[in-house]
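Hi,

Here is the structure I promised to pass on.

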Amino acid sequence: MLFTLKKFVGGLLMPLPFLLIVMGLALILLWFTRWQKSGKTLFALSWLVLLLISLQPVADRLLLPLEKQYATYQGNDPVDYIVVLGGGYTFNPNWAPSANLFANSLPRVTEGVRLYRAHPNTKMVFTGSAGPNSQSSAKTAAQVAESLGVPAADIIALEQPKDTVEEAAAVATLVGDKPFLLVTSASHLPRAIKFFTAKGLHPIPAPANQLAITTPLHSWERTIPAATYLGHSERAWYETLGLLWQKLTGNKNDE
């Protein structure tokens with residue numbers, strides 16, 4: 001119950017729902033009260049913020065400080081495990097396996113498979129519980145890895161963890177004090193590393209799913225608001241809130 005409440009409240013604090021709530025409050029002030037000036041100001045400010053965080057230069061500048069902390073892994077450290085953290089997913093057996101993984105999850109799995117091919121004789125470890133679906137996130141991601149050629153014998157699915165704290169605890173039981181590659185979204189990796197090292201583990205950061213664009217774009221891609229870039233701002237805000245909560249709780253609880 002607490003986990004669900006935490007996710008629900010956290011979801012309402014994301015930029016889009018929060019700004020829509022503020023806009024709704026502004027409309028109430030305009031329609032049903034004499035606070036016309038306050039309603040106009042509140043609506044204009046929330047509209048302006050929504051516009052700005054939907055622009056590529058603003059969104060990616062917010063996200064880049066999180067993503068640039070760890071570079072793409074190109075090393076050859078001797079490891080026995082490649083741990084891929086769970087993310088958003090659904091499960092429809094009639095879909096192609098990869099279609100069941102949401103945008104943040106599929107790049108994690110494909111990066112994990114790339115690292116698996118570069119490190120023979122390792123085990124791929126997937127984490128994530130079932131939630132409302134009939135199949136866990138870990139098992140769904142494992143099926144995608146199998147569809148990409150990873151043998152089932154080299155896959156371990158940890159299907160109980162619900163968040164990053166529980167993922168760290170489950171991985172600690174499996175790997176002990178051995179170093180391992182930790183694959184998750186680049187924006188999530190700074191927070192994940194803190195959770196895993198707090199358990200006495202020795203993760204080697206391997207970021208995936210980089211989103212903040214630093215290479216050239218067409219002028220219209222930089223100046224026209226887009227849902228894609230609003231999503232980038234959301235990731236930045238989500239992880240910033242998570243880092244603040246992590247600091248307040250001393251790495252003991254996830255966001």
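Below is what turned up among the aromatic pairs and the salt bridges.

One thing to keep in mind: this is a predicted model.

**Aromatic pairs**

There are 2 aromatic pairs in the structure. One of them joins W31 and F32, with 6.3 Å from centre to centre and 90 degrees between the planes, which makes the pair edge-to-face. Both W31 and F32 are exposed.

The other pair is F180 with F196: the ring centres sit 6.0 Å apart and the planes meet at 55 degrees, so this pair is tilted. If you trace the chain, you'll see that F180 and F196 link distant parts of it. F180 belongs to strand β4 (residues 179–185), while F196 belongs to helix α8 (residues 189–198), and 16 residues separate them. F180 has a relative accessibility of 0%, so it counts as buried. F196 is buried too, again with a relative accessible area of 0%.

**Salt bridges**

Side chains of opposite charge can pair when their charged atoms come close. Here the count comes to 6 salt bridges, and I'll walk you through some of them.

Start with helix α5 (residues 106–118), which holds both E111 and R114. They are 3 residues apart, about one turn of the helix, and their salt bridge has its closest N and O atoms 2.7 Å apart. E111 is buried, because its relative accessible area of 12% is under 20%. R114, at 33%, is partly exposed.

With a relative accessible area of 16%, D154 is buried, while K123 counts as partly exposed at 29%.

Last, go to helix α10 (residues 227–249), where you'll find R235 and E239, 4 residues apart, or about one turn of the helix. Their side chains meet in a salt bridge of 2.9 Å, N to O. E239 is buried, with a relative accessible area of 0%. And which residues are linked with R235 and E239 in a network of salt bridges? R191 is the one that joins R235 and E239 in that network.

Over to you!

Conventions. Residues numbered from 1 in each chain as written. Predicted model: local features only at pLDDT ≥ 70, side-chain atom pairs only at ≥ 80, totals over all residues. Heavy atoms only, no water. Phe/Tyr/Trp six-rings, centres within 6.5 Å; stacked < 30°, edge-to-face > 60°. Buried < 20%, exposed > 50% of the residue type's maximum accessible area, 1.4 Å probe, protein only. Helix = DSSP H or I, 4+ residues; strand = E, 2+ residues; numbered from the N terminus. Salt bridge = Lys/Arg side-chain N within 4 Å of Asp/Glu carboxyl O.
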